[in-house]
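Student: Hi! Could we walk through this structure together, a bit at a time?

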Amino acid sequence: ARAGARFDRRLTSVSFPKDLLRQATMLARHEPRRPKQSSLRRAVSATYYAVFHLLTEEAAAFFIKGQHAKPLRQALRRAFVHSTMKTVAKGFASGQPARVIMDAAGPISQDLRGIADGFVQLQEARHRADYDLSQSFTKQEALDLIELGERVLSSWNSVRTQRDAQAML
């Protein structure tokens, strides 16, 4: 609880994830009639990275405190593995994270389950956008994924200091 109280602060660079979501929206709406797949794919990818960067920044700030430690926090953020994050997020989305995490997390809130599920959906969409050229995206699909990213960021703000959210980090 004490670490949670110290953690209850606003992130200084939370604007970066929001900037990525604004950029995603701009890309998805850039060509009003027939958007290029490159624009829609980049929009989907930027949306995933908005959530990814938010969560890695939160985790690094949770574990490494102090302005002097900024380079160390940056190094920690580079160590996160997308596939591992997806595995952890799937466990939280189902309400059944690994036993060792469950003991620390306690009950998993519906809001956190939604955040975790959103992360998984966005990562899978980003993989399709970046690697599966046989798959096309519609403008509406890209906009729906951007909306999901916005919900994840908004929901995170309301759960970020809770025990289950800190366990997910």
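**From the surface to the core**

Tutor: Arg 78 is exposed, because its relative accessible area is 75%, over the cut-off of 50%. Keep in mind that this is a predicted model.

Student: Where does Arg 78 lie?

Tutor: Arg 78 is in helix 4, which covers residues 70-78. From Arg 78 to Ala 46 the C-alpha distance is 17 Å, and the two are 32 residues apart in sequence.

Student: Now helix 3. Is helix 3 enclosed or open, and why?

Tutor: Helix 3 is largely enclosed by the rest of the structure, because 21 of its 27 residues are buried.

Student: What span should its 27 residues have?

Tutor: At 1.5 Å a residue, helix 3 should span 39 Å, and its end C-alpha atoms are 39 Å apart, so the two agree.

Student: Switching to the core. How many residues are in the largest nonpolar core?

Tutor: There are 43, and Leu 112, Phe 119, Trp 156 and Met 168 have the most contacts inside it. Helix 2 (15-29), helix 3, helix 5, helix 6 (99-105), helix 7, helix 8 and helix 9 each supply at least two residues of this core. Helix 3 provides the largest share, twelve residues.

Student: Why would nonpolar side chains be together like that?

Tutor: In soluble globular proteins, nonpolar side chains tend to be buried together.

Student: What is Leu 112 in contact with, leaving aside neighbours within four places in sequence?

Tutor: Leu 112 is in contact with Phe 92, Trp 156, Val 159, Asp 164, Ala 165 and Met 168.

Student: Let's follow Met 168, then. Buried or exposed?

Tutor: Met 168 counts as buried, because its relative accessibility is 13%, under the cut-off of 20%. Met 168 is found in helix 9. Apart from neighbours within four places in sequence, its contacts are Leu 55, Val 88, Phe 92, Leu 112, Ile 115, Ala 116 and Trp 156. Met 168 and Phe 52 are 116 residues apart in sequence and 13 Å apart in space, C-alpha to C-alpha.

Student: Which residues of helix 7 are buried?

Tutor: Among them are Leu 112, Ile 115, Ala 116 and Phe 119, along with Gln 123 and Arg 126. What covers the buried residues of helix 7 includes helix 3 (37-63), helix 5 (82-94), helix 8 (139-159) and helix 9 (163-168).

Student: How far apart are the end C-alpha atoms of helix 7?

Tutor: They are 31 Å apart, which agrees with the 32 Å that its 22 residues (110-131) should span at 1.5 Å a residue.

Student: Last topic: how much space lies in the second largest pocket?

Tutor: About 220 Å³. The pocket is lined by 15 residues, and Phe 80, Met 85, Val 88, Met 168 and Leu 169 lie nearest its centre.

Student: Which helix gives the most to that lining?

Tutor: Helix 5, with four residues. Helix 3, helix 5 and helix 9 each supply at least two.

Student: And what is the lining like by class?

Tutor: The lining has 13 nonpolar residues, two polar and no charged ones.

Note on methods. Residues numbered from 1 in each chain as written. Predicted model: local features only at pLDDT ≥ 70, side-chain atom pairs only at ≥ 80, totals over all residues. Heavy atoms only, no water. Expected span 1.5 Å × (residues − 1). Buried < 20%, exposed > 50% of the residue type's maximum accessible area, 1.4 Å probe, protein only. Contact = heavy atoms within 4.5 Å. 1 Å grid on protein atoms, 1.4 Å probe; cavity = no way out; pocket = protein on both sides within 12 Å on 5 of 7 lines; lining within 4 Å. Points joined across faces, edges and corners; volume = space filled by probe spheres on them. Nonpolar A, V, L, I, M, F, W, Y, C, P; charged D, E, K, R; others polar. Core = buried A, V, L, I, M, F, W, Y, C linked by side-chain atoms within 4.5 Å.
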